[in-house]
There are 2 protein chains.
Amino acid sequence: MSSQPMSELQVQWRTVIEATLDRWLDDPEGPAPRLQEAMRYAVLGGGKRIRPILAMASAMTIGHPPDTALVPGCAVELIHAYSLIHDDLPAMDDDALRRGKPTVHVAYDEATAILAGDALQTLAFEVIGSEGDYSAPTRVRMLQILSRASGQAGMVGGQAIDLGSVGQSLSLEDLQRMHRCKTGALIEASISLGALAAESADEAQIAALRSYGRALGLAFQVQDDLLDIEGATDTIGKPQGSDAARNKPTYPACLGIDGTRDHLRSLQEQAVSALAVFGRSADPLRQIADFVVTRTH
Amino acid sequence: MSSQPMSELQVQWRTVIEATLDRWLDDPEGPAPRLQEAMRYAVLGGGKRIRPILAMASAMTIGHPPDTALVPGCAVELIHAYSLIHDDLPAMDDDALRRGKPTVHVAYDEATAILAGDALQTLAFEVIGSEGDYSAPTRVRMLQILSRASGQAGMVGGQAIDLGSVGQSLSLEDLQRMHRCKTGALIEASISLGALAAESADEAQIAALRSYGRALGLAFQVQDDLLDIEGATDTIGKPQGSDAARNKPTYPACLGIDGTRDHLRSLQEQAVSALAVFGRSADPLRQIADFVVTRTH
């Protein structure tokens with residue numbers, strides 16, 4: 001897989017993100033070594049780490065060092081990793097490949113994949129309660145944001161809408177609603193958590209960051225749909241055209257390819273213009289918005 | 001199913017527990033109504049509610065009103081409910097009946113069952129962060145206890161050991177270790193959370209309650225194994241002998257039936273003697289220990 005960098009931040013911070021996740025997933029006293037191995041297999045050694053990087057870029061935007069947001073950012077990454085394991089299961093999308101490697105239920109077995117996803121979700125909440133140096137009220141607000149974004153009103157709700165929409169043609173509004181839950185909620189949460197971790201953002205800054213996050217989350221999904229049509233398996237790590245083959249509603253099905261490209265550009269502009277209230281400190285977030293429309297995987 | 005009461009507390013508090021769970025599971029704005037329906041189906045209208053009742057009895061033991069512990073107790077119940085949904089899946093225990101009703105993947109479908117379990121786990125953490133009237137440091141400690149008890153070092157780890165032990169004969173020590181994770185961790189957490197919710201327990205009281213919880217958690221599983229052999233489907237709500245048929249290691253397989261009954265009595269005595277430091281305020285916990293050895297479902 002190619003390794004086009006998302007931003008300078010990704011190049012600089014990837015190692016510390018990997019090391020943090022590695023440390024959290026290393027429990028020599030753990031009662032079930034095979035389960036732990038499957039959790040490590042799912043989380044480590046792959047992925048763009050866009051969620052922790054967004055959290056870190058968000059903290060920088062309001063003038064704090066990026067590692068202020070390392071813990072909540074990596075917690076979101078654990079939620080994302082668990083959702084991919086469960087999404088890939090035979091009863092869900094039934095995918096055999098993820099990031100060019102066999103999916104967890106293929107590399108291990110289905111029961112282990114279900115449990116590894118379950119335990120990764122728990123771990124995300126455990127680290128919010130215990131890792132890093134945050135005040136108790138900040139931890140509680142992180143818990144509120146992460147749980148709302150992850151559950152039935154957020155990511156899991158979006159997956160349920162997605163499942164129910166196979167074979168249906170959705171309006172652009174319904175498609176946006178699905179993606180706002182399924183992918184957008186965690187992207188927005190990453191950005192909110194990054195601002196919260198810094199403990200000094202004001203209301204206007206938070207509102208601006210949330211607008212950015214909302215547009216970026218949708219842009220990310222729109223580009224995913226384009227890559228699903230245009231990309232090749234070796235670049236995106238899953239079979240090309242797999243969403244269309246499964247008869248899932250997509251942006252190109254809804255808007256056509258040219259319309260989808262226009263929509264992507266408009267979302268990118270929305271994301272970038274939301275950052276106008278910030279100076280150069282928001283450059284990492286601007287870079288990420290550029291990456292989202294130009295990425296090839 | 002018969003409705004032998006576990007304790008006076010169960011009779012008095014069941015309605016408020018049900019109403020609390022019902023309220024948490026009622027989100028008219030939720031994006032995925034069928035998912036929400038499956039979550040309600042799994043949680044409402046059945047179950048002994050032993051975990052919330054234990055939390056409430058624990059709060060009473062140290063002199064607080066039982067509803068002090070309603071929120072964390074019901075949060076544990078949500079974790080328990082999610083674990084049952086996932087345990088029953090075809091890739092796990094493949095059970096078609098639970099509490100005399102079709103299991104969630106039978107009543108709905110497998111994908112919905114996976115997602116309903118996922119969203120119930122999230123909801124458990126969401127309510128710890130937002131429901132009831134607790135200080136932020138108390139919420140953070142609740143989050144720590146609930147997450148450690150639920151994840152790879154607790155309940156999910158125990159389920160993984162359980163899966164890996166099918167067809168093997170375990171030593172009593174290994175069997176205890178598995179159950180201490182799989183069932184015991186949440187039972188102990190219920191009791192710790194009940195004490196914590198009251199915000200005034202001292203170290204000696206917490207240690208006594210944890211000893212009680214450890215013995216009770218094991219006793220509960222030992223009685224489950226006996227009921228699996230002795231009970232009838234219409235009483236326990238699942239086919240009799242299903243664990244033995246699946247070749248899972250059980251206490252009777254390890255100790256014989258008489259040895260298992262002796263072991264159960266000894267655990268009950270340990271549980272009750274741990275309560276010696278408390279006066280009459282621990283009577284609800286004593287009643288629950290009696291219930292565990294005499295229950296028929």
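1. A crossing is left-handed if the near helix is turned anticlockwise from the far one by less than a right angle, and right-handed if clockwise. By that convention the crossing of H8(B) and H9(B) is left-handed. The axes of helix H8 (residues 155-164) of chain B and helix H9 (residues 172-197) of chain B cross at roughly 145° and come within 7 Å; axes are lines fitted to C-alpha atoms, for helices over the stretch in contact, and angles run from 0 to 180 degrees between N-to-C directions. Helices (H or I, at least four residues) are DSSP runs, numbered from the N terminus.

2. This is a predicted model, in which local features need pLDDT of at least 70 and side-chain atom pairs count only at pLDDT 80 or more, whereas totals for chains, interfaces and linings use all residues. Residues are numbered from 1 along each chain as its sequence is written, chains are lettered from A and ligands numbered from 1 in the order in which they are written, and side-chain values use heavy atoms, with hydrogens and water left out.

3. On the H8(B) side, B:Met155, B:Gly158, B:Gln159, B:Ile161 and B:Asp162 make the contact with H9(B), which contributes B:Met178, B:Cys181, B:Lys182, B:Ala185 and B:Leu186; contact means heavy atoms within 4.5 Å. These residues divide into six nonpolar, two polar and two charged, where Ala, Val, Leu, Ile, Met, Phe, Trp, Tyr, Cys and Pro count as nonpolar, Asp, Glu, Lys and Arg as charged, and the others, Gly among them, as polar.

4. Within chain A, helix H1 (residues 8-24) packs with helix H3 (residues 50-61) at an angle of about 115°, their axes being 10 Å apart, and H1(A) passes H3(A) in a right-handed crossing. Here A:Leu9, A:Gln10, A:Trp13, A:Val16 and A:Ile17 meet A:Pro52, A:Ile53, A:Met56, A:Ala57 and A:Met60, a set that divides into nine nonpolar, one polar and no charged.

5. Superposed by least squares on the C-alpha atoms of residues with pLDDT of at least 70 in both copies, chain A can be laid on chain B with an RMSD of 0.0 Å by a turn of 180° and a shift of 0.0 Å along the axis. That is the relation of a two-fold axis. In chain A, the C-alpha nearest the axis belongs to A:Ala136, 2.7 Å from it.

6. The contact takes 46 residues from chain A and 46 residues from chain B. Because 100% of the interface residues of chain A are also interface residues in chain B, the copies meet through the same surface.

7. Between the chains, helix H6 (residues 110-130) of chain A and helix H7 (residues 136-150) of chain B pack at about 145°, with axes 8 Å apart, in a left-handed crossing. B:Arg148 forms a salt bridge (a side-chain nitrogen of Lys or Arg within 4 Å of a carboxyl oxygen of Asp or Glu) with A:Glu126, the closest N and O atoms being 3.7 Å apart.

Technical notes: Helix = DSSP H or I, 4+ residues; strand = E, 2+ residues; numbered from the N terminus.
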